[in-house]
Amino acid sequence: MPPADKPIVATQDSACMRMLAGVAGNRIRPAAAAAKPEAEGCRVDDPVVVEALAVRTADGPGQVRLLPPPTVSCELARVVSLWLDTSLQPLARGAFGRELTALRVGGGHECRRRNRQTQGQLSEHATGKALDIFAFQLGEEKQGGVAVSVERPNGLEQTRFLDGVRQSACGAFMTVLGPGSDAAHANHLHVDIQQRRAASSRFCQ
């Protein structure tokens with residue numbers, strides 16, 4: 001375990017960074033060193049800032065922006081990248097005939113406990129292994145694009161799309177929480193890569 005006064009910082013030489021940087025369309029960079037040492041248990045292994053991730057579209061290579069760009073572990077960025085390309089982009093195209101262009105996100109790296117409680121276990125956000133998604137942008141806003149809110153889907157078409165998103169997330173991540181699971185996740189979809197006792201053990205609500 002590294003000393004408390006030396007937070008782990010990503011480098012261009014990490015295997016994860018090399019893999020993601022080698023994909024055209026990915027806009028990802030190592031995160032800057034923390035201004036002050038993080039509390040015990042609140043360090044990110046290989047932290048990166050994700051501005052956009054590459055996906056395949058009907059017209060060729062494309063990308064999905066993350067707004068605002070979150071700081072997460074490179075391993076989470078890798079899992080999100082695969083999910084976007086293999087699951088979400090085809091879902092968006094099938095549901096709306098449009099490409100997924102952006103995710104409205106929050107809750108990247110943040111040193112706090114689960115559900116912002118004062119006691120209990122640290123959240124996976126503390127180690128950069130979790131991401132909160134509030135909305136999905138289909139197409140470009142200036143060209144009549146559609147924004148699908150996790151909290152307030154507009155009509156049956158959007159509701160079915162979000163159901164598909166959630167089902168696909170349950171296969172890609174170790175934990176998925178969203179509206180209906182508890183009050184803390186009423187307005188967003190939480191995904192994380194928390195390791196469990198068995199690789200086949202996932203928590204999906």
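A residue counts as buried when its relative accessible area is under 20%, as exposed when that value is over 50%, and as partly exposed in between. Keep that handy for the exercises below, and remember that you are looking at a predicted model.

**Exercise 1. Find out how many disulfides the structure holds and where their cysteines lie.**

The count is two. Take Cys170 and Cys204 again: a disulfide joins them, with 1.6 Å from S to S. Cys170 sits in helix 3 and Cys204 in strand 10 (residues 203-204), so this link spans distant parts of the chain, 34 residues apart.

Next comes the disulfide of Cys16 and Cys74, whose sulfur atoms are 2.1 Å apart. The angle about its S-S bond is -90°, and the link is left-handed. Cys16 belongs to helix 1 and Cys74 to helix 2, so the pair ties together parts 58 residues apart in sequence. As for burial, both Cys16 and Cys74 are buried.

**Exercise 2. Work out what kind of aromatic pair Trp83 and Phe173 form, then do likewise for Phe96 and Phe161.**

The structure has three aromatic pairs. For Trp83 and Phe173, look at the ring planes: they make an angle of 85°, with 5.1 Å centre to centre. Planes over 60 degrees apart count as edge-to-face, and that is what this pair is. Where do the partners sit? Trp83 is in helix 2 (residues 74-96), while Phe173 is in the loop between helix 3 (156-172) and strand 8 (175-177), so the pair ties together parts 90 residues apart in sequence. Both Trp83 and Phe173 are buried.

Now for Phe96 and Phe161. Their ring centres are 5.2 Å apart and their planes stand at 70°, so this pair is edge-to-face. Helix 2 holds Phe96 and helix 3 holds Phe161, so parts 65 residues apart in sequence are tied together here. Both Phe96 and Phe161 are buried. One more step: ring pairs join Phe96 and Phe161 with Phe136 in a cluster.

**Exercise 3. Follow Phe136 into the largest nonpolar core and see which elements build that core.**

The core has 40 residues, and Phe136 is among those that touch the most other members, along with Leu84, Leu100, Leu131 and Phe173. Elements giving two or more residues include helix 1, strand 2 (47-57), strand 3 (60-67), strand 5 (100-106), strand 6 (130-138) and helix 3. Helix 2 supplies the largest share, ten residues.

What does Phe136 touch, leaving out residues up to four places away in sequence? Its contacts include Leu88, Leu100, Ala102, Leu103, Val146, Val148, Phe161 and Val165. So you meet Phe161 again, now as a contact of Phe136.

**Exercise 4. Decide whether Ser14 is buried or exposed, and find its side-chain partner.**

Second, check its relative accessible area, which is 14%, so Ser14 is buried. Third, look for the partner: the side chain of Ser14 makes a polar contact of 3.1 Å with the side chain of Asp46.

Note on methods: Residues are numbered from 1 along each chain as its sequence is written. This is a predicted model: local features need pLDDT of at least 70, side-chain atom pairs count only at pLDDT 80 or more; totals for chains, interfaces and linings use all residues. Side-chain values use heavy atoms; hydrogens and water are left out. Rings of Phe, Tyr and Trp (its six-membered ring) pair if their centres lie within 6.5 Å; planes under 30 degrees apart count as stacked, over 60 as edge-to-face and the rest as tilted. Helices (H or I, at least four residues) and strands (E, at least two) are DSSP runs, numbered from the N terminus. Buried means under 20% relative accessible area, exposed over 50%, partly exposed in between (1.4 Å probe, protein chains only). A polar contact is a pair of N or O atoms within 3.5 Å; within protein, one must be able to donate a hydrogen and the other to accept it, and residues adjacent in sequence count only if both atoms are side-chain atoms. A nonpolar core is a set of buried Ala, Val, Leu, Ile, Met, Phe, Trp, Tyr and Cys residues joined through side-chain atoms within 4.5 Å. Contact means heavy atoms within 4.5 Å. A disulfide is a pair of cysteine sulfur atoms within 2.5 Å.
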